[in-house]
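Trainee: Could we go through this model together, one point at a time?

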Amino acid sequence: MTESSRICFVWGPGGVGKSHLAIRQTYLAPAESLLLTLDPSPRVFNLLGKERSSEAQNVKIEDQNFSIKSTDANRLFDKLNKISPANEQVARYFKQLVNGLQEFRNYLALIELAEELQEAKNPFIVVDTPPFHEAVGLHRSIFTLKDFFEKSLVQLAFKSGILNLGVKKVIDITKSFLGKTAVEQALNFLEWLHSHLERFQTAARTLESLTFGDQTEHLMVLTPESSLNYITQGKSFFEKSKKLRFLINRSVLSLPAISGNSSFAREMNQLKESETKLISKIQEVFPKAIIESIPLMVMGEDSQEELLKFIHS
Amino acid sequence: MGSLHLVTGKGGVGKTRFSLLLSSQLGGCPIAEKADQIRNEAQKMNLPCPEIFKIESKDLLEDFLISVLKVKKIAQFASQSKLLQNLVQVAPNLDEIALFKKWISLSANQDLVVDAPSTGNLLGIFDAIKTAEKMFEGGLLRQAADDIDQALNLPNRVFVYAVSLPENSALEEMTQIKQHLHQLYPNLECRLVLNRLHECPEDLSSIPEAYHDIATKRPELEKKRIEAFSFWRVIQEGETK
């Protein structure tokens, strides 16, 4: 990325309009910006009428042009394989892990993200993330990524040489879990992974510094119905952020007072109450955060017209 | 034999409330996970609070180690090893398998409702079982994965309830989950539950004009979506029983 590039991470629970917001952010950014999605769901691509792809695709909304692409663990494998070829067993192990393990997928997505962010020449990069419940794991992974590649992997990869007694004991225990063959395979895999250690370590360090850098903003999208737990769960991550913004989508506070005891009136009054509580909680936990809102509107057609209406809201 | 009822869905769709309704429908069977939220919700809904099993994920690795090492002190020491935790991360999803195994054993003789993790994380647990089977030829973890797999293939042993709000992104995700689970376990029944369905207010004149658009168009859009999907159960906004 260039010195003047800026990054915006868009976080939020499922169903709050996060994909719409990520598109809106990219649309409002300078021309030729990039929307990069870590979310395994094709939602953001569907809204733009595109197929999910890790190759950059051009998007044109009115007079604005931007690119969209997703991270892809298998593409990372291909890149690594070119530098240090993996044998068939290691390749199979990698693919199984990608399919089966969330934590591993998180690590790979983050390595890819770090490299993409570094390579990108766009003036503004919007990072669309998976729903917040899953993203909490991603937050943790950002913190543990460096630790994992710097400490544990190094210890494991030296299995043939200077294994200390503690490490040997741990590997013995693991054998009783996984069977001897699987542990041998896991260690072969780790040895291959270790041949890329420097690259991973650099990516992990880059990611941590970019995630909490001066040029990076974190935008958390919530709705009046969102649980207050999202604010407390995100505390340790978001308090490291230099620029933090909360956006209350489908806000009802600007709508007029509504009386009566119809179920509609009760629902709206309850939403107003929840939104007020949500805002006070944000102010209490993150006193410096900016809080904005987008008023409630009828959505659900998933049409281009609707997307435009939302973008200009 | 009991059945295991796993309730999933995106965050905030009403998984806890539905878990309580389901437990009450199943004769007040126990619920696992999220103890405080279940108690609060039961109080709000004026339902008796069922027995709650609180499973701490930090204890799972230790439990598993005790069953291998037999000596509690060594197991506790090993479970705290950062290295083991990381090795476990790049090998199997031990946490997930241990958790699923616990649910299976708790539901062996009685029905159990699990207020389970949100959709992506629950799918991760299902995927971890298949991954362990493909990657490991033996060992305790493979054995645990096989036990879970066997239960998942029995008719009426495990049910998954995917709770959703009547919104497009949520419904698309539910359909993907149903397909994904069907591919992994053709005999596993995945039931779609639609929560918080809105009705058009009877008397629009009592509602300020600023709300008319949302009050009338939202139920119309929801109706269209209901026609496009088939649901096991549809819950109206405000319904408790």
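## Strands, burial and a loop serine

Mentor: Strand E6 (residues 216–222) and strand E7 (residues 243–251) of chain A run parallel, joined by six bridges. Strands are DSSP runs of at least two E residues, helices of at least four H or I, numbered from the N terminus. Two strands pair if DSSP finds at least two bridges between them. This is a predicted model: local features need pLDDT of at least 70, side-chain atom pairs pLDDT 80 or more, while totals for chains, interfaces and linings use all residues. Residues are numbered from 1 along each chain as written, chains are lettered from A and ligands numbered from 1 in written order, and side-chain values use heavy atoms, without hydrogens and water.

Trainee: Which residue in E7(A) stands opposite Leu222(A)?

Mentor: Leu222(A) belongs to the stretch 216–222, strand E6 of chain A. Its opposite in E7(A) is Ile248(A).

Trainee: Which are the edge strands of the open sheet in chain A?

Mentor: The eight strands run E3-E4-E2-E5-E1-E6-E7-E8, with mixed pairing. An edge strand pairs on one side only; here these are E3 (57–61) and E8 (290–295) of chain A.

Trainee: Is Ser41(A) partly exposed or buried, and why?

Mentor: Ser41(A) lies in the loop between strand E2 (33–37) and helix H2 (43–47) of chain A. Buried means under 20% relative accessible area, exposed over 50%, partly exposed in between (1.4 Å probe, protein chains only). Because its relative accessibility is 22%, Ser41(A) counts as partly exposed.

Trainee: What share of chain B counts as buried?

Mentor: Chain B has ten helices and seven strands. Of its 241 residues, the buried share is 55%.
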